[in-house]
Amino acid sequence: MRERLLEPTVSLGLRPDGATIETIAPAPRRPLTSLPLAFWAQMFAGVSGFLIGAWVWSLRLRELSCWLMAIGGAGLLIMIFPAAIYSTRELALDPALFRWLAATDHFGALTFGVAMVALFYVYPHRLVPPAALVALAAVVGASWVADTAWIVFDGPPFGFHLPALILMLLFFPAAVMQYRLTRDDPVTRAALRWFALSVCLGAGSFISLIVLPNVLGYEPALAQAPAFLLFIIVYGGVAIGVARYRLFELERWAFGVLFYVAGALLLVLLDAFLIFVLSLDRVPALGVSLMVVALLYLPLRDALHRRIVGRAIDHGALFQQTVDVALSPPGADQNARWAALLARAFNPLRIEVAAAENMPAGAAIRDDGLSLALPGFGDVRPVTLAYAHAGRKLFSRDDQKLARELCVMLDHAIRSRQARDEGVAEERARISRDMHDNIGAKLLSALHSTGEGRKNAMIRDALTDFRIIINNAFGTARPLDETLAELRIETTERLEAEGVDLKWETADDNDTTMPPAIAQTLCSIIREAVSNVIRHADATAVSIAVTCRGGQVSVAVCDDGRGIEDGDDGRGNGLASIRTRIDALGGSFEIGKADPGTRLSVVFSSRRG
């Protein structure tokens with residue numbers, strides 16, 4: 001047949017009697033435009049696998065698993081390219097050429113098989129030492145040499161198809177062991193499960209339909225040309241696995257690299273097609289190529305990127321929604337807002353309220369990525385999200401990270417709100433105490449004052465104190481001696497109106513300046529202590545000593561009245577107010593009999609406030 005094809009003309013006879021139907025002249029070469037669709041489909045499968053393998057490798061150059069992925073892609077291209085030539089020929093090929101093409105095809109197929117098997121023995125956990133992988137490659141390489149040289153084996157069924165079948169069988173125990181080792185890592189297990197399923201459907205179908213029948217001596221169940229398209233499942237599964245489960249730990253930005261490379265490749269191929277097939281000049285061809293890429297590919301690229309990677313998350317809007325959840329009224333409204341926020345962030349098919357005792361401390365992936373559990377905060381109930389992104393994806397580490405960020409933000413916002421509420425309550429209590437201790441003391445003195453002028457002055461002072469209390473005390477720090485001087489005048493007037501003598505002593509070793517809150521506390525303590533003497537002690541004399549040394553303020557108030565009764569621990573309203581103020585400053589409070597009368601002493605820091 002080959003000799004006849006080399007003649008200038010060839011006569012084709014299609015009837016048993018040998019009648020000539022047509023005489024043709026064989027062309028020296030075959031035009032690209034005459035190649036059938038099966039050729040281009042096979043080439044598409046080989047080039048796609050090679051590019052995806054190279055893409056994974058280029059992003060993780062130091063990872064052995066990514067090297068194996070790239071080697072497998074190269075092996076796929078080496079396998080498919082010669083097979084596309086001889087499987088779509090119209091007439092016979094030169095025997096030497098056919099043997100070379102078949103040997104190259106077998107080499108690529110075995111390279112692909114070794115790379116895929118080795119990949120599952122090192123990813124995600126290394127199951128065997130590197131020496132074992134080298135030994136596997138050496139044994140398979142020796143079988144290829146024996147098959148190519150026609151030694152030991154007498155044909156492809158045992159020289160090529162049997163090693164390919166054995167490689168496929170070696171894949172299964174590796175996949176099972178990896179699956180067991182990832183039981184505590186649901187996201188990695190999901191990625192592994194997807195990848196293993198892709199290999200089983202792609203390479204496994206090829207083995208079942210083409211390789212296994214040849215080993216058993218039967219006709220293949222499918223033609224070789226369409227069978228090669230099954231390998232698209234393997235490398236298409238890799239791309240989807242990267243997008244859905246971060247296969248090979250690749251981030252989402254990896255798809256940006258892939259799309260840009262694909263755009264550049266499309267530009268080059270389209271330019272070459274216009275020049276060599278349609279015979280356009282180089283400049284017009286480049287212009288048309290750029291226009292097609294800009295008008296068709298770029299919008300398609302953006303749509304694919306959104307479809308595969310997902311929409312970008314507006315963290316600012318999520319933060320605002322988190323604050324809204326924390327500030328909303330506790331109860332049904334707060335939980336409804338939290339559910340709406342989670343629906344916006346993850347688009348799950350279901351959001352279910354969960355039992356608090358079964359929830360983790362932070363967001364956790366469960367059911368191999370099918371659900372995401374989030375704890376409760378305050379009145380916000382714990383929930384479980386099921387089937388991320390409308391069921392198109394499993395929950396990934398990125399989802400878990402985002403959920404933890406939202407939980408931390410919500411927890412912080414709720415705690416901030418609680419601190420604000422506590423601060424408001426504390427400020428109300430402070431105003432109440434100040435009005436009781438300061439305003440009440442001055443109004444009480446005005447009530448018992450005999451002179452109209454003094455009474456009016458005390459009422460004006462009470463109104464001044466009222467304004468000070470509302471404006472949160474003095475506003476600026478004041479020296480201790482100024483504060484005590486004004487307080488001494490006020491106390492003297494109050495006690496003189498009751499016919500009680502005052503002995504006043506002060507000692508300040510460092511010209512102390514007090515923060516407003518501390519100064520106000522000091523005044524309130526002394527005013528309340530004097531008010532108690534006026535109301536309850538029936539005393540004729542009171543001594544007040546204020547000492548400030550080493551940052552500590554000591555106040556002692558003694559009277560010569562009837563004293564406190566046994567068992568009285570000083571928990572009346574007035575003394576309770578003093579005790580509360582001292583506790584807030586981390587100080588100490590004591591009250592007891594003074595023989596005669598009562599002695600009250602407090603100690604607190606002059607700097608804390």
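Trainee: Is valine 277 buried, partly exposed or exposed?
Mentor: Valine 277 lies in the loop between helix 10 and helix 11; helices (H or I, at least four residues) and strands (E, at least two) are DSSP runs, numbered from the N terminus. This is a predicted model, where local features need pLDDT of at least 70, side-chain atom pairs count only at pLDDT 80 or more, and totals for chains, interfaces and linings use all residues. Residues are numbered from 1 along each chain as its sequence is written, and side-chain values use heavy atoms, without hydrogens and water. Buried means under 20% relative accessible area, exposed over 50%, and partly exposed in between (1.4 Å probe, protein chains only), so at 31% valine 277 is partly exposed.

Trainee: Which strand residue stands opposite valine 383 in strand 6?
Mentor: Strand 6 covers residues 383–386. Strand 5 (residues 371–374) pairs with strand 6 in the antiparallel sense over 4 bridges, where pairing needs at least two DSSP bridges between two strands. The residue opposite valine 383 is leucine 374.

Trainee: Which residue stands opposite alanine 386 in strand 6?
Mentor: Val383 and Leu385 point one way from strand 6, Thr384 and Ala386 the other way, and all are buried. Strand 3 (residues 350–353) pairs with strand 6 in the antiparallel sense over 4 bridges. Opposite alanine 386 stands arginine 350.

Trainee: How far apart are the end C-alpha atoms of helix 17?
Mentor: Helix 17 (residues 516–537) has 22 residues, and 18 of them are buried.

How values were computed: The expected span of a helix is 1.5 Å times one less than its number of residues.
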